[in-house]
Amino acid sequence: MTESFHRSGEYENPYEGQQQAPVNPEWPPPPAYAPAHAPHSKKRGRGPFALIAAVAIVAAAIGGGTAYGIQELTGNDTVASSSTSTAVVPSSQKGTVAGVAKAVSPSIVEISADSNAGSSTGSGVIITSGGEIITNNHVVAGASQIKATTSDGKSYTAKVVGTDSKKDLALIKLENASGLKAATLGDSAGLQVGDQVVAIGSPEGLSGTVTSGIISALDRDVTVPTEQGQDQGQQQWGQGQGQDGDQWPFEFGGRQFNGDTGSDTTTYKALQTDASLNPGNSGGALIDMNGNIIGINSAMYSPTSQASSSSDAGSVGLGFAIPINTVKADLAKLRAGSTD
């Protein structure tokens with residue numbers, strides 16, 4: 001009852017002076033509380049968003065292994081590449097040289113190349129499970145026979161697929177190879193001076209040798225001979241020297257090191273590292289502490305300017321590597337059979 005009477009017989013309207021809503025039994029005013037089913041509709045609204053977020057997190061977590069997974073499922077030679085730093089090293093050994101060595105060593109091979117000028121020993125990086133390997137052009141240039149040995153001791157015959165002497169890169173392919181462990185190619189654009197790195201290669205034929213250091217400098221303009229210039233360098237170094245380019249001459253800052261570079265040269269931007277590199281490291285891997293390949297080792301400075309044998313050359317902490325982004329940009333050209 002919404003009305004009350006005074007003793008005078010008049011009644012007082014409690015709504016007097018206020019705007020009153022019309023009374024209509026068919027249109028009752030809305031309840032002061034939310035309908036019981038409202039929370040359920042809100043939960044349904046949040047459901048798809050939560051699911052998408054969860055999927056995105058999972059995708060981010062497995063993104064680094066996606067390329068490798070596709071490769072294994074389809075059987076295609078897909079290069080495992082990362083635009084960011086993918087954690088190849090197990091979390092329990094993250095940031096350790098031992099962890100990097102254990103994770104990446106199976107992806108590094110020793111390369112033996114025979115030619116009319118003699119034999120050479122270098123290194124290479126497996127980039128597909130089917131046996132595609134990146135190395136330096138000077139390691140295999142002019143070779144009549146190439147063999148590659150994996151970390152488990154298996155030996156394969158290899159053929160040159162493509163070369164690029166201007167970048168000192170070559171792509172070779174192992175014959176009758178499958179199920180190999182491909183390395184993950186990282187991103188050299190994000191490197192900083194002082195970043196820790198690991199080098200793996202076969203110096204002096206000692207396969208699987210691991211050294212460590214830091215990135216000493218970026219964007220070094222290193223000038224080296226092309227294939228023709230290399231032959232001149234070989235004659236200068238003496239017969240039986242081999243083609244291994246860790247000793248082959250290079251130029252930096254207008255000065256020539258390890259001999260005369262000759263007239264036919266090429267210049268590329270290199271990473272400088274103090275990780276120990278020696279004859280035989282050419283074509284091997286420079287690796288970040290997450291296990292990503294960030295460079296292909298290509299040259300070193302030797303304190304002897306006129307060495308007569310490989311034993312006269314040694315590391316003094318001045319090594320150079322081709323940035324992996326240069327390799328990735330050149331990969332299609334190499335696969336197409338380039339002979340530049």
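How many bridges join β9 to β14? The count is 4, and the two strands run antiparallel. Helices and strands here are DSSP runs (H or I of at least four residues for helices, E of at least two for strands), numbered from the N terminus, and two strands pair if DSSP finds at least two bridges between them. The model is a predicted one, in which local features need pLDDT of at least 70 and side-chain atom pairs count only at pLDDT 80 or more, while totals for chains, interfaces and linings use all residues. Residues are numbered from 1 along each chain as its sequence is written, and side-chain values use heavy atoms, with hydrogens and water left out.

Buried means under 20% relative accessible area, exposed means over 50%, and partly exposed lies in between (1.4 Å probe, protein chains only).

Not counting residues up to four places away in sequence, Val104 touches Ile200, Ile287, Gly291 and Ile293, where contact means heavy atoms within 4.5 Å.

Val104 also belongs to the largest nonpolar core, which has 32 residues; Val104, Val125, Ile127, Ile134 and Ile293 are those with the most contacts inside this core. Helix α6 (residues 324-335) supplies the largest share of the core, 4 residues. Apart from this core lies another, of 15 residues, with Ile111, Ile126, Ala170 and Ala177 among them. A nonpolar core is a set of buried Ala, Val, Leu, Ile, Met, Phe, Trp, Tyr and Cys residues joined through side-chain atoms within 4.5 Å.

Next comes the barrel. Here 6 strands close in the order β3-β4-β5-β8-β7-β6, with antiparallel pairing. On average, neighbouring strands of this sheet are turned by 40° against each other, direction ignored. Strands β3 and β6 (residues 145-149) run antiparallel and are joined by 5 bridges, with Ile146 of β6 as the bridge partner of Ala113. Helix α6 packs on the sheet, where it touches β5, β7 (155-164) and β8 (169-174), and the direction of α6 makes about 60° with that of β8. Axes are lines fitted to C-alpha atoms, for helices over the stretch in contact, and angles run from 0 to 180 degrees between N-to-C directions.

Strand β5 (residues 132-135) contains Thr135, which counts as buried because its relative accessibility is 0%. The side chain of Thr135 reaches the backbone oxygen of Ser123 at 2.7 Å. Leaving aside neighbours within four places in sequence, the contacts of Thr135 include Ile111, Val140, Asp168, Leu169 and Ala170.

Charged pairs complete the picture. The structure holds 5 salt bridges, each a side-chain nitrogen of Lys or Arg within 4 Å of a carboxyl oxygen of Asp or Glu. One of them pairs Arg335 with Glu132, the closest N and O atoms being 2.5 Å apart. Arg335 lies in helix α6 and Glu132 in strand β5, so this pair ties together parts that are 203 residues apart in sequence. Arg335 is partly exposed at 34% relative accessible area, whereas Glu132 is buried at 10%. Asp164 and Lys167 meet in a salt bridge at 3.7 Å, N to O; Asp164 is buried at 1% relative accessibility, while Lys167 is partly exposed at 29%. Lys333 and Asp340 form a salt bridge with the closest N and O atoms 2.9 Å apart. Through salt bridges that share partners, Asp164, Lys167, Lys333 and Asp340 are joined into one network.

Key. Polar contact = N/O pair within 3.5 Å; in protein donor to acceptor, adjacent residues only side chain to side chain.
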